[in-house]
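Dear colleague,

Please find below the structure that I am handing over to you, followed by an account of what was found in it.

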Amino acid sequence: MKIDFESVALAQCETPVLVVACFESGSTPLRDSERSRTVSDQPKGSPVSSGTVELLPAETRALLEELKASGELTGKALETTLLHRPAGLAAKKLLIVGAGKKEKVSTDLMRRLAGTAMRYLRARGVHELAWVVQDAGGPVAVQAVVEGAIVADYDADRYRTEPNFERRIDRMALTTGGAPSSDALRAAAERGRIIAEAQNFVRDLVNEPSNRMTPTILAEQSQKMAARFGLECRILDADEIRSRKMGALWAVAQGSDEPPKLIVLRYEPPDLPDARQSGAPHSPVIGLVGKGVTFDTGGISIKPAEAMHEMKTDMAGGATMLGVMQAIAQLKPRVRVLALVPATENMPSGKAYKPGDVITSMSGKTIEILNTDAEGRLVLADALTYAKELGATVLIDAATLTGAVTIALGNTTTGVFGWNKEWVDKVLKSAEAAGERMWPLPVDEEYRELYKSTIADLANTGGRYAGASTAAMFVGEFAGDTPWVHLDIAGTRWSNEEKPYRAKGPTGHGVPTLVHLLTSLGN
Ligand code: BES
Ligand code: MN
Ligand code: ZN
């Protein structure tokens, strides 16, 4: 999809479809008392504001008054109203997207408005539209609109033999209504594009079935992305994983015929001195670690058949980190970032690890396996240890780690864990700024009792109670004193329903938050 700015007056904008946002009754500008006001006169306070119907010519607005009186137009969030040959406009059609209550406008809502318009129009054979951004909330809103549009223009139907290519939107013009577009708006649109395309990259990886997304293929995809965007990429193969004594990753991998890979990406900011020479004590090296289990059968502690196919998505944490790296390679924040993706299958076989086994992790800590389905924390353990060895001074991991987090927070909200309040807060603040739902869950000394082993240093499960917390804490044991934040994305990696603004399937959740965090650290 091509995205560009257009500066003709709204009435003269010749487009197949002009799209405007409209607030709910009571807060819409269609009331007499508000008629003369413009959006920029609205009370400040909300981060973004919209309601661009106000900018339409009087003739068109009179039409909207009629629709409103008849109850067809209410402005309720995500309502869509399409007018053909609208009076007063050069546009062939006018799409009015309901924006809900004015005081509830948020970045996330702006994304959803754009996404809803996009999917509504795609389904009706439209290929080109103009989105009114004049007075619509500045760069924050423009970024959100672009993000929402690109994320919406995606379907997870790659293996249909008759894919719906004609359903794609070719061009979105951002219409400034006569005002020239500023550098800030252009930069915001570009940022939105980069973040949304990174999310769609993540979604492509997560959506691939495990026969087409083995650890080897995931490694190749990483190398391809790294080469395209100028990142350093190194792949550790099975022999190197073994020779470096990554016993926890190896334990999971040993049951599979597909060889494991440990993917390592490195981003170096263009204008920082080389940390490996200067030691630069004040600039952190962020180590992103993403679980890359390309299929999780549960191993010998095998999962029920019912939903096992969903476990092709068990590399979503790894994919998220690859997406974040793709984005920052283009946005170039002034901070060093490493990304590690331990990639393996978790299979039952004659060679598989078994309940009761004791393994030695790379850190030297011994682990008693109580359940081979608690494999994510094992692959993360060695990847965290190796990330520290490579120089990471802050660790952030993302993983589809527990069913328990989904019970606690559902499909909408990522669980955030960590001992280091400063970094947990940084992540939560970034989530809020980026308009993603994330919520803190506890780590607590007392939970340690739950995953003690009688025979080894740790057991790999802590039972059902506080399952998301004990899984997180197990991972945290391998971060040691290094600041560490864990994101459990088991619920948020996937959307079970089709939404007006987004296809069913992989979500790319987490990318906006982490990109926001890294770019705010380094700028
Ligand atoms: N990959 C699963 C967690 C998962 C469940 C992700 C549902 C996405 C959707 C993980 O490896 C797992 O199996 N966790 C177990 C841990 C238990 C054995 C302690 C779980 O949550 O049941
Ligand atoms: Mn598992
Ligand atoms: Zn798993």
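At what angle do helix H2 and helix H3 pack, and how far apart are their axes? Helix H2 (residues 107-122) packs against helix H3 (residues 138-152) at an angle of about 40°, and their axes are 7 Å apart. Axes here are lines fitted to C-alpha atoms, for helices over the stretch in contact, with angles running from 0 to 180 degrees between N-to-C directions. Helices are DSSP runs of H or I of at least four residues, numbered from the N terminus.

Please note that this is a predicted model, in which local features need pLDDT of at least 70, side-chain atom pairs count only at pLDDT 80 or more, and totals for chains, interfaces and linings use all residues. Residues are numbered from 1 along each chain as its sequence is written, and side-chain values use heavy atoms, with hydrogens and water left out.

The crossing of H2 and H3 is right-handed (the near helix is turned clockwise from the far one by less than a right angle). Residues in contact, with heavy atoms within 4.5 Å, include Met 110, Ala 114 and Met 118 in H2 and Val 140, Ala 144 and Val 145 in H3. By class, this contact of H2 with H3 has nine nonpolar, three polar and four charged residues. Ala, Val, Leu, Ile, Met, Phe, Trp, Tyr, Cys and Pro count as nonpolar, Asp, Glu, Lys and Arg as charged, and the others, Gly among them, as polar.

Helix H14 (residues 511-521) takes part in a contact with helix H9 (residues 316-331), where the axes come within 9 Å and cross at roughly 40°. The crossing of H9 and H14 is right-handed. Among the residues that make the contact are Val 324 and Ile 328 of H9 and Leu 514 and Leu 518 of H14. The contact of H9 with H14 comprises nine nonpolar, two polar and no charged residues.

Helix H12 (residues 421-434) also packs with H14, at an angle of about 115° and with the axes 8 Å apart. H12 is therefore roughly perpendicular to H14 (a term for angles of 65 to 115 degrees). Here the contact includes Trp 423 and Lys 426 of H12 and His 516 and Leu 517 of H14. Eight nonpolar, four polar and one charged residue form the contact of H12 with H14.

Yours sincerely

Key
Chains lettered and ligands numbered in written order. Helix = DSSP H or I, 4+ residues; strand = E, 2+ residues; numbered from the N terminus. Parallel < 35°, antiparallel > 145°, perpendicular 65-115°, else oblique.
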